[in-house]
Amino acid sequence: MKGIFISFEGIEGAGKSTQAALLAEYLKEKGRRVIQTMEPGGTKISLKIRELLLSLDSREMDHVTELLLYNAARVQHIKEVIEPAIERGDVVITDRFSDSTFAYQGYARGIDLELIDSLDMIATKGLRPDITILLDIDVKTGLARNREINKSDRLELEDISFHEKVREGFIRIAAGEPGRVKVVDCSEGLEVVRQNVVKIISEFLEERNG
Ligand code: Z5A
């Protein structure tokens, strides 16, 4: 049986890592083998690239360098983690994937979307999540949640308007692919969001299993 590829997307502090972990727990209880992973990351090489990308020392990084590095980390992640897991029939849950590149480097940084698309085809060879959960929240609430846990990295230092553009970018992506990208309002508490995510994934699995 071929595996299932699920991604979580959204702005910082939306609750992606929290909800990815809760969904992994739910699916394991249902007897599925689950690989929980994240971007940039998931492999030794991708984690080294992550460090470079998020370090406060990388302030002079050019936007195109940034774009290429996210794609480089993704190539390695797909090859070492995602593809083998899908082949084994596992469920892969990733905290971010290509939609983040379109939202951050495309809609927010302003790099041409066609260029991003071409690079994405090279990096992913057309691999797309079967289903994507877009956790939507207003920027101030998302950033405030992260501030509460004292999290700050290079991208979080961008101003509010940057994060607004990211959020709008995600909404546009969802509007363009409503079959794949499901928007979940995550201004609600953790448990309400968890139940909404589980409902969407359960319906998807039922449909898929016919
Ligand atoms: N990036 C990019 O530019 N291009 C790309 O192609 C890719 C990524 C793949 C990765 O950073 C950065 O890379 C990211 C985008 C960029 N930009 N930044 N900054 P990261 O992996 O370190 O961070 P993140 O992906 O943005 O995730 P995060 O900051 O860790 O947030 P989160 O995973 O969405 O949230 P969380 O950790 O689950 O929750 C944050 C806090 O809120 C925590 O205390 C929770 O308990 C709390 N929380 C969560 N949900 C709720 C609800 N519903 N109610 C109340 N409190 C909640």
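1. In this predicted model, five strands form an open sheet in the order S2-S3-S1-S4-S5, and their pairing is parallel. The edges are taken by strand S2 (34–38) and strand S5 (181–185), each of which pairs on one side only. From one strand to the next, the twist averages 20°.

2. Strand S1 (residues 4–10) and strand S4 (residues 131–136) run parallel and are joined by five bridges. As a general point, the strands of a sheet pair through backbone hydrogen bonds, in either a parallel or an antiparallel manner.

3. Helix H1 (residues 16–29) packs on the sheet, where it touches S1, S2, strand S3 (91–95) and S4. The direction of H1 makes about 155° with that of S1.

4. How do helix H6 and helix H7 cross, and at roughly what angle? The axes of H6 (residues 139–148) and H7 (residues 160–176) come within 10 Å and cross at roughly 115°. Angles of 65 to 115 degrees count as roughly perpendicular, and H6 and H7 are therefore roughly perpendicular to each other. Their crossing is right-handed.

5. On the H6 side, the contact is made by Val139, Lys140 and Leu143, while H7 contributes Ile160, His163, Glu164 and Arg167. Sorted by class, this contact of H6 with H7 has three nonpolar, one polar and three charged residues.

Technical notes: Residues are numbered from 1 along each chain as its sequence is written. This is a predicted model: local features need pLDDT of at least 70, side-chain atom pairs count only at pLDDT 80 or more; totals for chains, interfaces and linings use all residues. Side-chain values use heavy atoms; hydrogens and water are left out. Axes are lines fitted to C-alpha atoms, for helices over the stretch in contact, and angles run from 0 to 180 degrees between N-to-C directions. Helices (H or I, at least four residues) and strands (E, at least two) are DSSP runs, numbered from the N terminus. Angles under 35 degrees count as roughly parallel, over 145 as roughly antiparallel, 65 to 115 as roughly perpendicular and the rest as oblique. A crossing is left-handed if the near helix is turned anticlockwise from the far one by less than a right angle, and right-handed if clockwise. Contact means heavy atoms within 4.5 Å. Ala, Val, Leu, Ile, Met, Phe, Trp, Tyr, Cys and Pro count as nonpolar, Asp, Glu, Lys and Arg as charged, and the others, Gly among them, as polar. Two strands pair if DSSP finds at least two bridges between them.
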